[in-house]
Amino acid sequence: MNYRHAYHAGNFADCFKHALLVDLLDWLARKPAGFFVLDTHAGAGRYDLNAPEAQRTDEAARGIRRLIARPSPVLDRYLGLVARLGLYPGSPALIRAVLRENDRMACCELHPADSSALRGQFRHDRSVAVHERSGWEALGALIPPKENRGLVFIDPPFESRDEFFTLAGGLCQGHGRFGHGIFAAWYPIKQMATVRGFHATLAQCGIRDIVAVELYVRATTDPGRLNGCGLLAINPPYQFEARARAIATAVLEGVGDGEPGAGISVIRLADE
Ligand SMILES: C[S@@+](CC[C@H](N)C(=O)[O-])C[C@H]1O[C@@H](n2cnc3c(N)ncnc32)[C@H](O)[C@@H]1O
């Protein structure tokens, strides 16, 4: 496990995934009944963008710092949470900010330093359980939740070559256990062939109601670069496609350099 999110916090991919995550959470919070969120790859929870790790890559300069400098009204809710939460909020901090008294979350993080940081943040918080265990394993153990409604957020590091395969397997397994839950999984886009192979694997698994939202900062011609990223949503909420299109467009307008091939797409991979 070499991946440390502190080097990448607040980059364009974080802005994209976190703005969409907040939309999904707000949807769940519209109804009074309690919900559960499983964050399978939680990271450290909060990130100091002035710390040496973040400064070394300075990825936030082409991500959240640009969005703050040129704020779009479509991103008001996400940017408001970023401003309110202080240090750049990772997924656990954003999720926690939306939970109400009767909601719960569980975070899984395998790296001991990051899971210890998470424990520190949520030590006295009865709504949050922190597990230093594999998020893949949690898909077979922590869902379905007793609340019977909720979101599973899957944000793997994509360190290993077979991570797309593992993700597809995890989604199939998780969906088999919590068929009406919302699943949201982030993935990198380097070359399209890998991504379309992943989509095809999911379709074979027989899952219904899948939407993929993708953002490309440039043409996907150089497989050695992070040319874009996607968020795959299973059982997305009502009118998510339209909102996701607006959010992805606003993020791209904020962070993009107008490179050839930049754009967004919202693809329905399987009907309801
Ligand atoms: C992309 S980062 C997560 C960022 C976080 N979701 C956020 O949005 O702020 C991926 C994290 O997964 C952790 N990790 C790697 N393999 C894991 C596994 N099998 N189970 C749980 N966490 C894992 C890494 O240590 C890393 O912190």
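Mentor: All 7 of the 7 residues of strand β8 (residues 210–216) are buried, so β8 is largely enclosed by the rest of the structure; buried means under 20% relative accessible area with a 1.4 Å probe and protein chains only, and strands are DSSP runs of E with at least two residues, numbered from the N terminus.

Trainee: Before we go on, what kind of model is this?

Mentor: This is a predicted model, in which local features need pLDDT of at least 70 and side-chain atom pairs count only at pLDDT 80 or more, while totals for chains, interfaces and linings use all residues. Residues are numbered from 1 along each chain as its sequence is written, and side-chain values use heavy atoms, with hydrogens and water left out.

Trainee: OK, which residues sit on each side of β8?

Mentor: Ile210, Ala212, Glu214 and Tyr216 lie on one side and Val211, Val213 and Leu215 on the other, and all of them are buried, which leaves both faces covered.

Trainee: And which strands does β8 join?

Mentor: Strand β9 (residues 228–234) is joined to β8 by 7 bridges and runs antiparallel to it, and 7 bridges also join β8 to strand β10 (residues 263–270), again antiparallel; two strands pair if DSSP finds at least two bridges between them. Val211 stands opposite Ala233 in β9 and opposite Arg268 in β10.

Trainee: Switching to β6, why is it called largely enclosed?

Mentor: Because 5 of the 5 residues of strand β6 (residues 150–154) are buried, it is largely enclosed by the rest of the structure. Gly150, Val152 and Ile154 point one way, and Leu151 and Phe153 the other.

Trainee: What does Phe153 pair with in β7?

Mentor: Its bridge partner in β7 is Ala184, and 4 bridges join β6 to strand β7 (residues 182–189), the two running parallel. Phe153 is also the bridge partner of Asp39, and strand β1 (residues 36–39) runs parallel to β6 with 4 bridges.

Trainee: Now the ligand: which residues come nearest?

Mentor: Of the 21 residues around the ligand, His18, His41, Glu109, Gly135 and Asp155 come nearest, where near means that a heavy atom lies within 4 Å.

Trainee: Which polar backbone atom is 2.8 Å from a ligand nitrogen?

Mentor: One belongs to His41 and one to Gly135, and an N or O atom in the side chain of Ser134 is 3.2 Å from a ligand nitrogen. Taken alone the ligand exposes 600 Å², of which the protein buries 95%.

How values were computed
Polar contact = N/O pair within 3.5 Å; in protein donor to acceptor, adjacent residues only side chain to side chain. Areas by Shrake-Rupley, 256 points an atom, 1.4 Å probe, with all protein chains shown as cover. Buried < 20%, exposed > 50% of the residue type's maximum accessible area, 1.4 Å probe, protein only.
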